[in-house]
Amino acid sequence: MSRPPFLALPPCAEAYLLTTARGEFAVHDARPAPATRARGTALLVPGFTGSKEDFIALLEPLAAAGFRAVAVDGRGQHESPGPRDEAAYTQDELARDVLAQAAALGGDVHLLGHSLGGLITRAAVLADASPFRSLTVMSSGPGAISASQQARTRLLVQALGLLDMESVWREMQREGAEAAAALDTPAELTDFLHQRWLLTVPEQLMATGVQLTVEPDRTAELARVPLAKHVVSGELDYAWPVPEIDAMAEKLSAVRTVIRGAGHSPNAERPAATADALVRFWNDAAPNDAA
């Protein structure tokens, strides 16, 4: 579960519901200052159990570099509505949502997916790459998550089918008490993580949890898409072994960035270094200024 380093939106950003052809999605939308040279728009898609807040520390540096940065809650995540029906959260449905979000932003966007979001954004690009300038896959691998994480995720999916969200949360907190104490999480952030969990639709978690355990390797398909690609990860990753991420990047002929001192969420753990890497890639991938 990603933990944003803070929760206050920077002055350059606002929170609202983005209207698309597939419904409304809660976003944080950070725009460059009027005097800043506009460089393009980035759509940031969070991962499993995550939300737009996972990118909050990237918003100000990306906007300062000239990029409009739009972080989104996916369907059924946190503040975006979603039905109590697992069929609404197939990967194809979620990929269509990303395409609708890109269209609502005017197209020609730099697309970034974190963790599960990397698999969803990959599916969106494979369905239709035309709305995108580039694809960044962050802390996401070529196929299903590691065997140990598959086992943990299956247990979570099973629990979600038997218990209410509050009961599952309490059990997760009990099991992770030692790790949580080591992190010394501020009360404000603990409250946010709790509320985010309760607001997320359980069927979304169940459907996407299964996706993480059965995702096929689609690297060869993605390699054939003529789009600039970037693979980002921390030095360590509990969901996909870093050597697997390295190999995927090589097969994609992608720019490869390893964020020193980061784990599974470099966007939250090392936001300054992550923003710098994104800006370098986006400027190189699309050097012409955006209108």
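1. Let me start with Arg31: this residue is partly exposed, at 40% relative accessible area. For the record, "buried" here means under 20% relative accessible area, "exposed" means over 50%, and "partly exposed" is in between, with a 1.4 Å probe and protein chains only. The partner of Arg31 is Asp29, and the two form a salt bridge whose closest N and O atoms are 3.5 Å apart. Asp29 itself is buried, at 1% relative accessible area.

2. A word on what we're looking at. This is a predicted model, where local features need pLDDT of at least 70 and side-chain atom pairs count only at pLDDT 80 or more, while totals for chains, interfaces and linings use all residues. Residues are numbered from 1 along each chain as its sequence is written, and side-chain values use heavy atoms, with hydrogens and water left out.

3. How many salt bridges does the rule give? The count is 19, taking a salt bridge as a side-chain nitrogen of Lys or Arg within 4 Å of a carboxyl oxygen of Asp or Glu. One of them joins Asp97 to Arg22, N to O at 2.7 Å. Asp97 sits in helix α2 (residues 91–104) and Arg22 in the loop between β1 (13–20) and β2 (23–30), so this pair ties together parts that are 75 residues apart in sequence. Helices (H or I, at least four residues) and strands (E, at least two) are DSSP runs, numbered from the N terminus. As for burial, Asp97 is buried at 1% relative accessibility, whereas Arg22 is partly exposed at 30%.

4. Next, Glu93 and Arg75, whose side chains also meet in a salt bridge, N to O at 3.8 Å. This pair links distant parts of the chain, with Glu93 in helix α2 and Arg75 in the loop between β4 (67–72) and α2, 18 residues apart. Which side of the pair is buried and which is partly exposed? Glu93 is partly exposed, at 22%, and Arg75 is buried, at 13%.

5. Asn267 deserves a look. This residue lies in helix α11 (residues 266–269) and is buried, with a relative accessible area of 0%. Where does the side chain go? It reaches the backbone oxygen of Asp54 at 2.9 Å. (A polar contact is a pair of N or O atoms within 3.5 Å; within protein, one must be able to donate a hydrogen and the other to accept it, and residues adjacent in sequence count only if both atoms are side-chain atoms.) Setting aside residues up to four places away in sequence, Asn267 touches Asp54, Phe55, Ala57, Leu58, His114, Met138 and Thr274, where contact means heavy atoms within 4.5 Å.

6. Helix α1 (residues 56–64) has Ile56, Ala57, Leu58, Leu59, Leu62 and Ala63 buried. What do the buried residues pack against? They pack against β1, β2, β3 (40–45), β4, α11 and α12 (271–285). After α1 comes Gly66, with a positive phi near 105 degrees.

7. Now the α4–α5 pair. Helix α4 (residues 147–162) and helix α5 (residues 165–175) pack at about 145 degrees with axes 8 Å apart; axes are lines fitted to C-alpha atoms, for helices over the stretch in contact, and angles run from 0 to 180 degrees between N-to-C directions. Leu156, Ala159 and Leu160 of α4 meet Met165, Val168 and Met172 of α5. By class, that contact has six nonpolar, no polar and no charged residues, with Ala, Val, Leu, Ile, Met, Phe, Trp, Tyr, Cys and Pro counted as nonpolar, Asp, Glu, Lys and Arg as charged, and the others, Gly among them, as polar.

8. Two leucines to finish. Leu18, in strand β1, is buried at 7% relative accessible area. Leaving out residues up to four places away in sequence, Leu18 touches Gly23, Glu24, Phe25, Val27, Gln101, Ala104 and Leu105. Leu18 and Ala102 are 84 residues apart in sequence and 11 Å apart in space, C-alpha to C-alpha. Leu9 belongs to the segment before β1 and is partly exposed at 30%. Beyond its neighbours within four places in sequence, Leu9 contacts Glu14, Ala15, His28, Ile56 and Leu59. The C-alpha atoms of Leu9 and Ala124, 115 residues apart along the chain, are separated by 28 Å.
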